[in-house]
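Biologist: Before we discuss anything, could you put the model on the screen, so that we can go through its ligand site, its helices and its charged pairs in turn?

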Amino acid sequence: MATIGRSVTIRRALVATAFLLTILFFLNRSHQTTPSPSATTLNTDSSTQVSETFDKPGGGSIPPIADQKPLRDLSDLSLYEKLAYQYPYNVESKFPAYIWQTWKWTPAQAEFHFREQEATWTVQHPGFVHEVITDAVAVHLLRVLYAPIPEVLEAYHSLPLPVLKADFFRYLILLARGGIYSDIDTFAIKSALEWIPKPVPRNSVGLVIGIEADPDRPDWADWYSRRIQFCQWTIQSKPGHPVLREIVARITDETLKRKRDGSLLKMSDASVVEFTGPALWTDSIFEYFNDGRYFDKSVSEGEISWRNFTGMSKAKIVGDVAVLPITSFSPGVQQMGAKDYDDPMAFVKHDFEGTWKPEKLRHIGG
Ligand SMILES: *[C@@H]1O[C@H](CO)[C@@H](O)[C@H](O)[C@H]1NC(C)=O
């Protein structure tokens with residue numbers, strides 16, 4: 001017993017060391033290629049200020065949201081502002097060539113049963129850095145990335161269910177590093193380089209999302225939590241995207257509030273969809289689309305709602321967000337207008353095997 005215990009500890013230490021070296025390597029690399037502050041040191045150079053200007057539906061430009069002063073002391077900022085300071089957004093930057101996945105085991109372990117799925121991401125994305133991150137490694141990585149904002153780490157550690165942590169992790173890693181997050185049970189059918197329609201300039205898009213559900217039936221509420229539900233099993237983003245900033249701030253605040261009032265541990269499986277899952281993701285995106293800080297409501301006509309996305313068969317660009325039709329991330333579901341896996345718009349195939357969520361709870365909260 002003692003020998004086994006010790007060798008496990010040594011192996012863990014080796015894995016942790018290797019992983020930290022990998023992180024340092026990435027941090028170093030991103031230092032050399034981009035002027036943004038690294039995770040461990042705050043850059044005080046005011047030339048790193050990033051304007052959030054981009055074209056919105058009605059034309060014109062969007063004012064910068066946070067006054068990113070070169071402060072070292074972040075304590076007088078709101079959580080949202082701290083996140084904006086730590087991970088500024090630049091729509092004109094490139095989509096980082098990362099693929100992030102999480103699972104209980106790494107592909108090097110015998111228990112890993114998603115090799116076929118995992119390989120499709122590597123094959124479709126030569127030159128990308130592809131990481132399958134276990135819970136233990138996620139803890140190390142987040143500690144590095146969010147050290148200056150300890151409330152985020154406290155919230156992550158306080159979440160009582162693995163599914164909540166898995167949801168939160170995807171938003172955290174994309175906010176900090178950008179790239180593609182995809183659930184482990186997902187096949188890449190087409191390279192992400194082809195996800196955004198050709199005529200759309202890459203430097204005008206910072207977030208690529210797909211539709212999980214578009215239930216055009218009177219009893220839709222029996223099956224789904226929202227009339228249009230955006231999926232969060234595959235997301236592509238540039239670092240610092242405001243939707244990610246908003247959702248991270250919201251999950252952090254809500255988790256810590258529930259922790260303090262003692263209701264966090266009482267949370268049922270059924271509330272996951274609303275707390276961290278696709279319902280919250282969908283609401284955050286619609287709020288962004290209708291947020292006067294980002295979109296000049298005096299120019300664009302009317303509220304952006306599910307009506308703008310129902311029945312889509314082509315991608316739609318709203319501000320800096322590319323919304324893909326249901327076929328792209330949910331092909332072959334044989335309902336809601338989704339076409340099959342061989343359709344030119346089918347980009348990923350999601351199996352729902354590596355999802356922590358029971359069947360019904362994936363779509364509808366309690
Ligand atoms: C969304 O739909 C509303 C009507 O429901 C319309 O007024 C608005 O212009 C649409 N916006 C976009 C960006 O398609």
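Biologist: Which residues surround the ligand?

Modeller: This is a predicted model, and the answer should be read with that in mind. The shell around the ligand divides into 1 nonpolar, 1 polar and 3 charged residues. Those that surround the ligand are Glu-301, Glu-303, Ile-304, Asn-308 and Lys-316.

Biologist: How far from an oxygen atom of the ligand does a polar side-chain atom of Asn-308 lie?

Modeller: Asn-308 belongs to the group of residues that surround the ligand, and a polar contact requires N or O atoms within 3.5 Å. The polar side-chain atom of Asn-308 lies from the ligand oxygen at 2.3 Å.

Biologist: How much of the accessible area that the ligand has on its own does the protein cover?

Modeller: The ligand, surrounded by residues that include Ile-304 and Lys-316, has on its own an accessible area of 360 Å².

Biologist: Is Gln-334, with its positive phi, buried or exposed?

Modeller: Most residues other than glycine have a negative phi. Gln-334, found in the loop between α10 (326-329) and β11 (348-350), has instead a positive phi near 60 degrees. Met-336 in that loop also has a positive phi, near 55 degrees. Because its relative accessibility is 70%, and the cut-off is over 50%, Gln-334 counts as exposed.

Biologist: Which helices do the buried residues of α2 pack against?

Modeller: Helix α2, residues 79-86, is mostly covered, with 7 of its 8 residues buried. Among these buried residues are Leu-79, Tyr-80, Leu-83 and Tyr-85, and Lys-82 is also one of them. The helices they pack against are α4 (135-145), α5 (150-158), α6 (162-177) and α7 (242-261).

Biologist: Why does Glu-118 count as buried?

Modeller: Glu-118 sits in helix α3, residues 115-124, and, leaving aside residues up to four places away in sequence, it touches Gln-101, Pro-107, Phe-112, His-130 and Val-132. Since buried means under 20% relative accessible area, Glu-118 counts as buried because its relative accessibility is 12%.

Biologist: What separates Asp-167 and Arg-170 along helix α6?

Modeller: Side chains of opposite charge can pair when their charged atoms come close. The side chains of Asp-167 and Arg-170 meet in a salt bridge, at 3.5 Å from N to O. Asp-167 is buried with a relative accessible area of 0%, and Arg-170 counts as buried at 3% relative accessibility. Because they are 3 residues apart in helix α6, what separates them is about one helical turn.

Biologist: How many residues apart are Arg-226 and Asp-283?

Modeller: The side chains of Arg-226 and Asp-283 meet in a salt bridge, at 2.8 Å from N to O. The pair links distant parts of the chain, with Arg-226 in the loop between β6 (211-213) and β7 (229-230) and Asp-283 in helix α9, and the separation is 57 residues.

Biologist: What share of the contacts between residues at least 6 apart in sequence joins residues at least 24 apart?

Modeller: The protein has 10 helices and 11 strands, and of its 366 residues 53% count as buried. Among contacts between residues at least 6 apart in sequence, the share joining residues at least 24 apart is 74%.

Conventions:
Residues numbered from 1 in each chain as written. Predicted model: local features only at pLDDT ≥ 70, side-chain atom pairs only at ≥ 80, totals over all residues. Heavy atoms only, no water. Near = heavy atom within 4 Å. Polar contact = N/O pair within 3.5 Å; in protein donor to acceptor, adjacent residues only side chain to side chain. Areas by Shrake-Rupley, 256 points an atom, 1.4 Å probe, with all protein chains shown as cover. Nonpolar A, V, L, I, M, F, W, Y, C, P; charged D, E, K, R; others polar. Helix = DSSP H or I, 4+ residues; strand = E, 2+ residues; numbered from the N terminus. Buried < 20%, exposed > 50% of the residue type's maximum accessible area, 1.4 Å probe, protein only. Contact = heavy atoms within 4.5 Å. Salt bridge = Lys/Arg side-chain N within 4 Å of Asp/Glu carboxyl O.
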